[in-house]
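Hi,

Here is the model I said I'd pass on. Have a look at it first, and my notes follow below.

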Amino acid sequence: MLVVMQEGASEESVQRVIDRLVTMGFTVHRSTGVAHTILGGVGPIDDFDPAGFEVLEGVQECHRIVSAYKLANRRFRPQGTVIEAGSVRIGGPEMIVMAGPCSVESEEQIEISAEQVARAGAKVIRGGAFKPRSSPYSFQGHGEAGLKMLRAAADRNGLLVVSEVMDRSQIPLLCEYADILQVGARNMQNFNLLRELGTVNKPVLLKRGIAATIEELLLSAEYIMSGGNHRILLCERGIRTFETATRNTMDISAIPVLQQLTHLPVVADPSHGVGKRQLVGAMARASVAAGADALIVEVHHDPDHALSDGAQSLYPEQFGDLMKQLRGIAAAVGRSIA
Ligand code: PEP
Ligand code: MN
């Protein structure tokens with residue numbers, strides 16, 4: 001349930017409402033907006049009367065949230081959420097671009113990548129050290145050694161790090177080396193992993209599962225949030241449909257739909273969305289036009305020899321040109337690129 005306090009409601013009246021909710025068995029999450037304090041109550045009680053709260057001092061209105069996800073619901077924080085990761089803010093007026101190779105392959109590769117994506121304007125470098133591959137015979141990532149290389153290259157170039165965590169057991173390692181923990185499409189419904197990430201003090205980039213509905217994505221976010229970690233970035237990365245012309249079908253409409261349904265920032269991944277280098281730019285431009293808060297793009301200095309996802313990795317020059325175009329599109333929709 002949701003209690004919207006009146007503008008300028010006193011701290012005592014807010015506290016009285018919180019106490020009342022707690023007594024009724026709710027866990028209370030407080031959100032302070034520009035004008036109003038909003039109290040979100042999550043609890044087992046369904047049959048209470050919102051009107052009983054509306055008579056309390058300082059209360060403007062009270063609603064039952066009927067959707068299955070509550071903490072992720074836009075109504076909980078109508079003004080939207082800005083997520084801070086290091087010096088970067090995602091969800092505000094400035095868009096953020098994350099870029100880098102699919103996998104961390106070598107010290108040299110990741111150093112070149114970091115230097116190139118930083119020069120083009122990316123703020124975060126991506127690179128998997130634990131890779132979820134369809135075949136067990138494909139390159140599986142360098143694990144901790146890869147994370148070390150990624151961290152060092154990022155630090156030398158003033159970038160943050162986003163990298164995938166595939167299993168609960170890898171969380172401490174990822175927390176040591178990465179600024180943002182990525183949950184891949186294949187793990188979007190690994191509920192044990194999600195629950196554990198609820199206890200972590202790092203933002204999570206949660207990718208949409210290959211056959212997941214938007215509501216399922218939001219419920220997966222709710223798993224993490226209900227554990228106490230509210231710093232979630234939702235990522236559209238294409239879904240599997242009957243279409244075979246592209247690797248996945250990039251669901252651009254998911255961007256504005258998510259922004260209606262949730263206050264969490266929305267990230268678009270055009271690389272996995274289409275799987276073909278020549279189509280990535282168009283989907284990146286469309287994502288910015290559709291209102292994405294951030295992009296994550298695969299870039300490789302030598303895609304022909306990449307150990308994973310070479311076909312969808314941009315050449316560094318292409319990425320540089322794309323960044324210039326994206327700045328123009330961002331300006332046209334009232335944003336800028338940090
Ligand atoms: C990746 O980012 O390289 C990746 C494996 O992504 P996804 O989980 O979206 O397939
Ligand atoms: Mn990839």
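How are the donor residues of the manganese ion (ligand 2) spaced in sequence? The pattern is C-x169-H-x25-E-x10-D. Before I go on, some housekeeping: this is a predicted model, where local features need pLDDT of at least 70 and side-chain atom pairs count only at pLDDT 80 or more, while totals for chains, interfaces and linings use all residues. Residues are numbered from 1 along each chain as its sequence is written, chains are lettered from A and ligands numbered from 1 in the order in which they are written, and side-chain values use heavy atoms, with hydrogens and water left out.

Back to the metal. The protein donors are Cys 102 (SG), His 272 (NE2), Glu 298 (OE) and Asp 309 (OD), at 2.0 to 2.4 Å from the manganese ion. A donor here is an N, O or S atom within 2.8 Å of the metal (3.2 Å for Na, K and Ca); water is not among the atoms, so sites may look incomplete. Cys 102 sits in the loop between β7 (94-100) and α3 (107-120), and Asp 309 in the loop between β14 (294-298) and α11 (316-332), so the pair links distant parts of the chain, 207 residues apart. Helices (H or I, at least four residues) and strands (E, at least two) are DSSP runs, numbered from the N terminus.

Most residues other than glycine have a negative phi. Asp 309 counts as buried because its relative accessible area is 19%, the cut-offs being under 20% for buried, over 50% for exposed and partly exposed in between (1.4 Å probe, protein chains only).

Gln 109, in helix α3, is buried too, at 2% relative accessibility. Leaving aside residues up to four places away in sequence, Gln 109 touches Pro 101, Ser 103, Val 104, His 300 and His 301; contact means heavy atoms within 4.5 Å.

As for the whole protein, there are 11 helices and 15 strands, and 54% of the 338 residues count as buried. The C-alpha trace spans about 65 × 45 × 45 Å along its principal axes.

Cheers
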